[in-house]
Amino acid sequence: MSQVCNIALLGQKFMGRAHSNAYLKAGRFFNLPCAPVMHTIVGRDLIALAPFADRWGWHRYTTSWKEVLKDTATELVDICTPNAMHAEQALAALAAGKHVACEKPLASTLKDARAMKNAAARSRKCKTFVWYNYRRCPAVALAYQLVQEGRLGRVYHIRAAYLQSWGGPETPLLWRFQKKYAGSGAHGDLNSHIIDMARFITGQEIVEVSGAISETFITERALPDTGTRGPAVSRRKKRTGKSDVDDCTLFLARFGGGTVASFEASRLATGHQVSNTIEINGEHGALRFDLEDMNILWYYDNREEARTAGWRRILCTSAGNHPYAGAWWPDGHLIGYEHTFVHVVVDMMAVLAGQEPTLPLPDFANAYETQRVLEAATLAAKHRAAVRLSEVK
Ligand SMILES: NC(=O)c1ccc[n+]([C@@H]2O[C@H](COP(=O)([O-])OP(=O)(O)OC[C@H]3O[C@@H](n4cnc5c(N)ncnc54)[C@H](O)[C@@H]3O)[C@@H](O)[C@H]2O)c1
């Protein structure tokens, strides 16, 4: 290993843990051309920071994200804060000459996302990355390879849904339910992932959005003290507050290559936990993926004789055949959610060392295209009309 990269990670909760784990594990399982160094962890809760740093192996901790930007040792700033903070932190990090890895969605508004994309384009020596980690499930990566090889031929349909059920009336008013922190609800949180997956697998861009519906079923929520999905966002002056983001958003889309698609995101899909599913139907075959069974890719070959044709269940754990699989366990042994973040780190380190990533990594410019689709669907739902992406800049 010739190169190292000092990381400053902003945010110490859900994604803070997922990314810390990824930085720890990447170099143990993969031969990295550049080693991530867990330099500084940044969080708001000073009391929790020392044990967090100790547990995960961060060398330093601080409550000031602006301080780590002044530190010449910091080379990459990893943003794991609520969506509305991404722009300010990313713009400052780029201005300070740091590489930036930002959690998804890129920002809470299209305006902020555009500013981030433009700043990244100006800072030519700084690399940017966005943690659309599901691209890096070996099964999704295989789907990408098969579609790019033409195994499906012309792609007719995509059916994508990301269904969860944790957002019932018992869930308090976390930042995720407030537009000023999140930008949107299930839409930016969950549709962003499946829009990215559909764009990635097909290599096509969405040109029109229609039939969009957004609904907020639960408009009033208890103010939290703390919560399992994030900290309290305001002091307890009153007992409840207004949730002003969507609980679900559904929409239809047309891709430039002629594919038509449906997208659905919900936090109130009773019975579903992390049911992130995508099905792709083409002229020669079809593919199907479900995050709840993430090591499996289902493949239907339309050219097989009808007598024995059927869905084939591919266990994507074969070294040398399935992306990333060879670095983990003997063939057949399963990997999980956290491994997708490790794979992001592996490919970020490759890019920082001037090498090609295993699969295309989304940067700010690429994630901006997903943000445009989010915006188009929001406008389509608001105006109950089709929106062409050429109108969303
Ligand atoms: N890639 C994925 O699959 C995935 C999964 C979950 C979350 N995310 C994204 O990661 C980012 C962080 O989400 P999370 O689940 O880690 O959130 P979280 O609530 O668990 O953690 C947020 C962190 O940001 C800090 N913070 C700073 N300012 C804050 C504020 N004003 N309000 C609340 N917290 C504040 C908190 O102290 C905390 O350390 C979001 O952009 C989210 O969309 C991505």
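Biologist: How many bridges join strand 1 (residues 3-10) to strand 4 (residues 76-79)?

Modeller: Helices (H or I, at least four residues) and strands (E, at least two) are DSSP runs numbered from the N terminus. Two strands pair if DSSP finds at least two bridges between them. Strand 1 and strand 4 run parallel, and I7 stands opposite L76 in strand 4. The number of bridges that join strand 1 to strand 4 is four.

Biologist: What kind of model is this?

Modeller: Residues are numbered from 1 along each chain as its sequence is written. Local features need pLDDT of at least 70 and side-chain atom pairs count only at pLDDT 80 or more, while totals for chains, interfaces and linings use all residues, because this is a predicted model.

Biologist: What is the order of the strands in the open sheet of six strands?

Modeller: The pairing in this sheet is parallel. Strand 3 (60-62) and strand 6 are the edge strands, each pairing on one side only. From one strand to the next the twist averages 25°. The order of the strands is 3-2-1-4-5-6.

Biologist: At about what angle does helix 1 (residues 14-29) run to strand 2 (34-42)?

Modeller: Two residues are in contact if their C-beta atoms, placed from the backbone, lie within 7 Å. Axes are lines fitted to C-alpha atoms, for helices over the stretch in contact, and angles run from 0 to 180 degrees between N-to-C directions. Helix 1 packs on the sheet and touches strand 1, strand 2 and strand 4. Its direction makes with that of strand 2 an angle of about 150°.

Biologist: Which helix supplies the largest share of the side of domain 1 that touches domain 2?

Modeller: The domain assignment, whose bounds come from an automatic or database source, gives domain 1 (3-133) and domain 2 (138-331 + 363-383). The contact takes 23 residues from domain 1 and 21 residues from domain 2. Helix 4 (83-95), helix 5 (110-122) and strand 6 (128-130) each supply at least two residues of the domain 1 side. The largest share, seven residues, comes from helix 5.

Biologist: Where is P105 found?

Modeller: Most peptide bonds are trans. The bond from K104 to P105 is cis, with omega near -15°. P105 is found in the loop between strand 5 (99-102) and helix 5.

Biologist: Is Y324 buried or exposed?

Modeller: Y324 has a positive phi of about 75° although it is not a glycine, and it lies in the loop between strand 18 (311-315) and helix 9 (337-352). A residue is buried if 20 or more other C-beta atoms lie within 10 Å of its own, exposed if 12 or fewer, and partly exposed in between, with C-beta atoms placed from the backbone. Y324 has 24 other C-beta atoms within 10 Å, so it is buried.

Biologist: Is R384 buried or exposed?

Modeller: R384 is not a glycine, yet its phi is positive, about 50°. Its place is in the loop between helix 10 (364-383) and strand 19 (387-388). R384 has 10 C-beta neighbours inside 10 Å, so it counts as exposed.

Biologist: What is the radius of gyration of the protein?

Modeller: The radius of gyration is taken over C-alpha atoms, and the globule rule is 2.2 Å times the number of residues to the power 0.38. The protein has 10 helices and 19 strands. For 393 residues the rule gives 21 Å, and the protein is close to this, so it is as compact as a globular protein of that length. Its radius of gyration is 21 Å.
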